[in-house]
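Please examine the structure shown below together with this report on its helix packing and nonpolar cores.

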Amino acid sequence: MLNLSLAPDREALEKLIKDDIETWCEKEYSQGHRDHLGASLMGDQCSRKLWYNFHWCKAEKFSGRMLRLFQVGHKAEERFVTYLRGIGFEVFERDPETNKQFRISGANGHYGGSLDGQCKAPARYNISENMILEFKTNGTGAGFKNVEKNDLSKSKPTHFAQMSQYGFKLKLQYGLYLIENKNDSDLIVKVVKLDWELGQYLENKATNIISSKFAPAKISENPSYQDCQWCSYSDICHNNAPVEINCRSCKHCEPVEAGEWKCHRWNNIVPKNFLKVGCKEHQSINVNG
């Protein structure tokens, strides 16, 4: 039992509480593997990385601190909606047809993404059509300043790619992009002309990745290449490290219609609750596996 009258014991208690919070955050906020290949990822230049991600070759692990940081971004969305409604915008957070988040989908249900919402501006802004909403947060630094100085396609190309996919699928020409500085609450607003050609290209890219039975070419053969150094799948890609064992990382399994997976070893659709488990017949899907 800790004796709180002693300074070393208080320090031990403080560390214990912090460690427990970290553990709780890692368990509570971790979302695990995505069922689909997300539109938010498609701006990444390495198709091989996206292929590994789609096939659940390795679960990305985040610290409690990083997961709390992600939550800061999620919590900001409510504030952004309040700001826009406060100045007269109509904000639609849910699709009226489904009463769920607006979504796009493709590649037999294996590709898609969720929008932060749509909005309609008051008449004084002279914008008649609905706009896609995208909400982000950022720390103080060059990344935040670049958004103010440059087009979104240059300052945040992955965000622009994400929005362009939404625009292409929903046939909306513009997006309203709000990004808030987490350090001082500074706010940047961008009205973004979306690139439908890019959106279509990225959906086609996603479809090709999903339908490919083999890992696409590496972005670099050199593991010291900058993007490879930071990649969660670098060991699998460059050193033939073992993949995580589950049905989606197995050569016997392939994506089929309606977002489902078929196992050719057992000639059956794999139940969703079994996809993460795999079986003793697992064979690594990795090209060198």
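## Basis

This is a predicted model, in which local features need pLDDT of at least 70, side-chain atom pairs count only at pLDDT 80 or more, and totals for chains, interfaces and linings use all residues. Residues are numbered from 1 along each chain as its sequence is written, and side-chain values use heavy atoms, without hydrogens or water.

## Helices H6 and H7

The axes of H6 (residues 157-170) and H7 (residues 196-211) come within 7 Å and cross at roughly 95°. That makes H6 roughly perpendicular to H7 (65 to 115 degrees). Axes are lines fitted to C-alpha atoms over the stretch in contact, with angles running from 0 to 180 degrees between N-to-C directions; helices are DSSP runs (H or I) of at least four residues, and strands (E) of at least two.

Contact (heavy atoms within 4.5 Å) involves Phe160 and Phe168 among the H6 residues, and Trp196 and Leu202 among those of H7.

## Nonpolar cores

The largest nonpolar core holds 46 residues, of which Leu37, Met42, Tyr52, Tyr111, Leu152, Tyr177 and Ile236 touch the most other members. Such a core joins buried Ala, Val, Leu, Ile, Met, Phe, Trp, Tyr and Cys residues through side-chain atoms within 4.5 Å. Another core, of 13 residues, lies apart and includes Met131 and Leu176.

Technical notes
Angles under 35 degrees count as roughly parallel, over 145 as roughly antiparallel, 65 to 115 as roughly perpendicular and the rest as oblique. Buried means under 20% relative accessible area, exposed over 50%, partly exposed in between (1.4 Å probe, protein chains only).
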